[in-house]
Amino acid sequence: MTKLQEISFEIIANAGEAKAFAYEALAAAKEKNTELYDEKMNKADQAINEAHKRQFELLKEEASGELKDITFSILVVHAQDHLMSVISTIELIRELAEIHLKGLQ
């Protein structure tokens with residue numbers, strides 16, 4: 001496996017983990033369990049931050065010329081797409097959770 005593939009899979013895995021934690025947090029919010037909600041969202045944040053770190057590493061290595069002969073990679077495109085969609089999902093879940101936890105006021 002190339003370094004490019006390794007980093008791409010790590011972005012996908014961390015983003016997927018973040019998404020799963022965020023949905024668990026939403027379920028906790030529906031039950032008005034703020035402690036569990038906070039715990040799961042913290043884990044989602046940690047996982048998405050790790051995905052961002054790996055994304056930055058990829059960008060840094062490409063910009064410095066360390067990754068040679070990159071023309072196009074479906075895997076990298078998928079990793080980037082997955083990361084961005086999970087970030088959007090997490091932000092939406094935060095909004096929905098606020099409604100569940102605080103109610104409509």
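This section describes the fold, the nonpolar core, the salt bridges and a surface patch of a predicted model.

The protein contains 3 helices and 0 strands, and from the N terminus on its elements follow the order α-α-α. Along the principal axes, the C-alpha trace extends over about 55 × 20 × 20 Å. The radius of gyration is 16 Å, whereas a compact globule of 105 residues would have a value near 13 Å. Contacts between residues 24 or more positions apart make up 82% of the contacts in the protein with a separation of 6 or more. Of the 105 residues, 35% count as buried. The accessible surface amounts to about 6,800 Å², and carbon and sulfur atoms hold 54% of this area.

In soluble globular proteins, nonpolar side chains tend to be buried together. In the present model, the largest nonpolar core comprises 27 residues, and Y37, M41, I48 and I90 have the most contacts inside it. Two or more residues of this core come from each of the elements α1 (3–30), α2 (34–64) and α3. The greatest contribution is that of α1, with 12 residues. When residues up to four places away in sequence are not counted, I90 touches A18, A22, M41 and I48. Two of these partners, M41 and I48, are themselves listed with I90 among the residues with the most contacts inside the core.

H82 is found in helix α3. The relative accessible area of H82 is 18%, under the 20% cut-off, and H82 is therefore classed as buried. With residues up to four places away in sequence left out, the contacts of H82 are with I12, A15 and G16.

The count of salt bridges comes to 10. One of them joins K3 and E61, with the closest N and O atoms 2.9 Å apart. This pair links distant parts of the chain, since K3 lies in helix α1 and E61 in helix α2, 58 residues apart. The two partners fall into separate accessibility classes: K3 is partly exposed at 43% relative accessibility, while E61 is buried, with a relative accessible area of 6%.

A second salt bridge is formed by R54 and E57, for which the closest N and O atoms are 2.4 Å apart. R54 and E57 are 3 residues apart in helix α2, and therefore about one helical turn separates them. Both residues of this pair are buried.

In helix α3, E91 and R94 have a spacing of 3 residues, about one turn of the helix. Their side chains meet in a salt bridge with an N to O distance of 3.6 Å. E91 has a relative accessible area of 44% and is partly exposed; R94 is also partly exposed, with a value of 26%. Elsewhere, salt bridges that share partners connect K3, E6, E10, R54, E57 and E61 into one network.

V77 lies in helix α3, which covers residues 74–102. The relative accessibility of V77 is 44%, so V77 counts as partly exposed. Helix α3 therefore holds both the buried H82 and the partly exposed V77.

Technical notes. Residues numbered from 1 in each chain as written. Predicted model: local features only at pLDDT ≥ 70, side-chain atom pairs only at ≥ 80, totals over all residues. Heavy atoms only, no water. Helix = DSSP H or I, 4+ residues; strand = E, 2+ residues; numbered from the N terminus. Buried < 20%, exposed > 50% of the residue type's maximum accessible area, 1.4 Å probe, protein only. Contact = heavy atoms within 4.5 Å. Core = buried A, V, L, I, M, F, W, Y, C linked by side-chain atoms within 4.5 Å. Rg over C-alpha atoms; globule rule 2.2 N^0.38 Å. Areas by Shrake-Rupley, 256 points an atom, 1.4 Å probe, with all protein chains shown as cover. Salt bridge = Lys/Arg side-chain N within 4 Å of Asp/Glu carboxyl O.
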